[in-house]
Amino acid sequence: MTDLTELLADLARPAPATVAPAVLVETGVADVFATFDGPSGSLTVAANPRGVSAVAPTTHEFAAEFADRFQRPAYPTDRLPGRLHGRVERALDSGRIGTLPIDLRTQTDFQRAVLSAVASIPPGEVRPYGWVARQVGKPRAVRAVGSAVGQNPIPVLVPCHRVVRSDGHVGAYRFGPTMKHQLLQAEGVDWAVLDEHADRRQSLLGSATTHIVCFPTCSHARRISERHQRWFANPHQASEAGFRPCRRCEPFDQ
Amino acid sequence: MTRLNGHRRALATDLDAAFPTFVHASQDGLYGGLLRLTRDPQLAADAAQDTYIRAYRALSDYQPERIRTLEVAGWLWTIALNVVRNEARRTRRKPVLLLDQLPETTADTPGPEDHALERASLVQVAAALDHLSETGRQSVVLRHVVGLSYREIAEATGRPINTIKSDVRRGLRSLAEHMGDSHD
């Protein structure tokens with residue numbers, strides 16, 4: 001009898017590998033990923049019922065890297081479920097994440113606060129790490145902000161390419177400087193000019209008529225005519241000259 | 001399968017987050033049993049998928065307190081047996097024997113002769129299962145292929161626990177006879 005029950009137990013077979021993906025995709029519980037036309041070429045975007053969970057520049061190795069990072073599987077699909085696909089397309093077109101749902105469950109509160117500040121940078125503008133640190137109420141945590149930005153799971157949609165070095169240089173990017181340049185170029189930021197100003201220690205731009213000083217890419221700063229432009233290396237220099245910070249781009253605390 | 005109750009708390013707290021883990025933990029037991037009941041790998045895989053999709057929908061409707069006290073294995077198999085019954089009613093397909101679905105190797109068989117013997121015995125026991133009555137086969141498969149407890153089988157089938165016990169006892173005796181016959 002013992003032999004018989006052992007034989008019966010040996011009749012069990014493992015489930016084929018297709019069962020779990022089919023179930024998880026059908027119930028909408030799994031992460032699925034699809035390819036989009038992004039501002040700098042194709043982008044792979046993953047999502048689950050909570051929202052967009054990951055973005056990467058290529059499909060190559062996406063599933064393996066996703067599983068490695070999030071400790072759960074993701075499966076390829078033609079379109080993200082429901083209305084999400086169209087909403088991702090619109091967010092990529094407009095450069096604004098708006099109310100697109102995003103899944104930041106693996107991020108700490110601090111990382112979430114940083115990403116939410118980054119998401120508020122308008123397309124066509126850039127902000128230094130120090131600005132993000134002030135936005136999250138931790139003005140001295142610039143380094144921690146840098147690492148939170150570097151681990152952004154949803155690049156491009158959460159526009160960490162709009163965060164630049166505190167001296168005004170465009171700086172590094174997780175997917176290489178070329179992609180950062182392309183993303184900025186696509187939204188009308190001349191990154192080469194930014195770097196030139198930074199080389200000359202010109203990180204803030206004020207108007208001689210209003211005595212208001214901005215980050216150079218702030219839409220208010222771009223209205224200043226060339227003969228009224230005043231460049232400053234830092235907030236101290238601008239304050240000394242009697243300039244107050246712009247309330248829109250908040251280049252420093254008054 | 002009995003250990004599936006360990007998933008209750010997570011399923012009650014965050015169904016979407018816990019469900020993938022639950023599927024991965026339970027799918028081999030579910031599929032293994034369904035394979036013996038349907039005798040067809042494709043039907044078994046389809047039935048397993050159907051079972052999970054229904055299970056997920058049911059769990060989404062349940063209050064967390066209900067999920068926390070669910071006897072998970074018995075509950076999952078209630079759904080699975082319904083799926084199998086509906087499928088059988090729909091297709092009325094004549095079941096096929098699964099002789100070629102048996103393993104090429106088993107992990108702990110020492111030599112080629114023992115190996116061949118083991119394989120031959122598996123083929124026999126799979127064939128012998130088909131001689132049992134529908135309920136007898138179901139009880140034996142759930143008890144000894146899937147590894148459910150008598151209580152879980154009673155829950156899954158809605159039949160009294162003592163009936164299940166005698167089904168299994170009678171089923172095993174009948175299997176032994178069939179296998180003895182084929183040795184003659």
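Reply: A polar contact is a pair of N or O atoms within 3.5 Å; within protein, one must be able to donate a hydrogen and the other to accept it, and residues adjacent in sequence count only if both atoms are side-chain atoms. The model is predicted. Between chain B and chain A, 3 residue pairs are in polar contact, both residues at pLDDT 80 or more. Five helices of chain B each supply at least two residues of the side that touches chain A: α2 (15–38), α3 (41–61), α6 (112–129), α7 (134–146) and α9 (161–183). The largest share comes from α2(B), with 12 residues. By type, this side of chain B divides into 23 nonpolar, 7 polar and 7 charged residues.

Now the whole contact. Chain B gives 37 residues and chain A gives 27 residues. Together the two chains bury about 2600 Å², and 74% of that lies on carbon and sulfur atoms.

Charged pairs come next. Side chains of opposite charge can pair when their charged atoms come close. Chain B and chain A share 2 salt bridges. One of them joins A:Arg50 to B:Asp14, with the closest N and O atoms 2.6 Å apart.

Over all chains, the structure holds 17 salt bridges. Within chain A, A:Arg222 pairs with A:Glu125, the closest N and O atoms being 3.8 Å apart. This pair links distant parts of the chain, 97 residues apart. A:Arg222 sits in the loop between β8 (212–214) and β9 (229–232), and A:Glu125 in the loop between α5 and β5 (127–128). A:Glu125 counts as buried because its relative accessible area is 1%, under the 20% cut-off.

In chain B, B:Arg159 meets B:Asp167 in a salt bridge of 2.9 Å, N to O. B:Arg159 is partly exposed at 22% relative accessible area, whereas B:Asp167 is buried at 8%. Back in chain A, salt bridges that share partners join A:Asp31, A:Arg72, A:Asp103 and A:Arg105 into one network.

Last, the packing around α5 of chain A. The buried residues of this helix (residues 109–119) are A:Gln111, A:Val114, A:Leu115, A:Ala117 and A:Val118. Seen down the axis, they fall within an arc of 160 degrees, so they line one face of α5(A). The face turned away carries the exposed residues A:Asp109 and A:Ser116. Cover for the buried residues includes α6 (129–135), α7 (142–150) and β6 (163–164) of chain A. A:Gln107 lies in the loop between α4 (84–94) and α5. A:Gln107 is buried, at 6% relative accessible area. Among the residues that A:Gln107 touches are A:Arg112 and A:Leu115.

Technical notes: Residues numbered from 1 in each chain as written. Chains lettered and ligands numbered in written order. Predicted model: local features only at pLDDT ≥ 70, side-chain atom pairs only at ≥ 80, totals over all residues. Heavy atoms only, no water. Contact = heavy atoms within 4.5 Å. Buried area = accessible area lost by both parts, 1.4 Å probe. Salt bridge = Lys/Arg side-chain N within 4 Å of Asp/Glu carboxyl O. Helix = DSSP H or I, 4+ residues; strand = E, 2+ residues; numbered from the N terminus. Nonpolar A, V, L, I, M, F, W, Y, C, P; charged D, E, K, R; others polar. Buried < 20%, exposed > 50% of the residue type's maximum accessible area, 1.4 Å probe, protein only. Arc of directions from axis to C-beta. Lists of a residue's contacts leave out its neighbours within four places in sequence.
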